[in-house]
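Subject: A structure for you to look at

Hi,

Here is the structure I promised to pass on. Have a look at it first, and then read my notes below.

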Amino acid sequence: MIIVNGKGINLTKDISVEEYLEQNRYQVKRIAVELNGDILPKYSYSDTMLKDGDRLEVVTFVGGG
């Protein structure tokens, strides 16, 4: 199980951060991701695999004017 924004999620297979974000329809250009307390650079989303016990926080930026 991983924790995403405070909610427990059971993964059925190994998945990268990028795959998780795509499956959950996040707009990658408009978010910031923190993994286990550290900001994760966008370039590493595809290489970073989520594993049991990970804590993921996804923050979506809202445009305004």
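Helices (H or I, at least four residues) and strands (E, at least two) are DSSP runs, numbered from the N terminus. Two strands pair if DSSP finds at least two bridges between them.

This is a predicted model, in which local features need pLDDT of at least 70 and side-chain atom pairs count only at pLDDT 80 or more, while totals for chains, interfaces and linings use all residues. Residues are numbered from 1 along each chain as its sequence is written, and side-chain values use heavy atoms, with hydrogens and water left out.

**The sheet**

Strands of a sheet pair through backbone hydrogen bonds, either parallel or antiparallel. Here 5 strands make up an open sheet with mixed pairing, in the order 2-1-7-4-5. At its edges are strand 2 (7-9) and strand 5, each of which pairs on one side only. Strand 1 and strand 7 run in the parallel sense and share 2 bridges. In strand 7, L56 is the residue that stands opposite V4.

**The core**

Buried means under 20% relative accessible area, exposed over 50%, and partly exposed in between (1.4 Å probe, protein chains only). A nonpolar core is a set of buried Ala, Val, Leu, Ile, Met, Phe, Trp, Tyr and Cys residues joined through side-chain atoms within 4.5 Å. The largest one has 14 residues, and V17, V33 and L56 are among those with the most contacts inside it. Two or more residues each come from strand 1 (2-4), helix 1 (17-23), strand 4 (31-35) and strand 7 (55-60). Beyond its neighbours within four places in sequence, V33 is in contact (heavy atoms within 4.5 Å) with residues including V17, L21, Y45 and L56.

S16 is buried, at 3% relative accessible area. Leaving aside neighbours within four places in sequence, the contacts of S16 are Y45, S46, T48, M49 and L50.

**Salt bridges**

How many salt bridges does a search of the whole structure find? There are 2, counting a side-chain nitrogen of Lys or Arg within 4 Å of a carboxyl oxygen of Asp or Glu. One joins the side chains of K13 and E19 (3.9 Å, N to O), and E19 is partly exposed at 29% relative accessible area. The other links K51 to D54, with the closest N and O atoms 3.6 Å apart.

Enjoy exploring!
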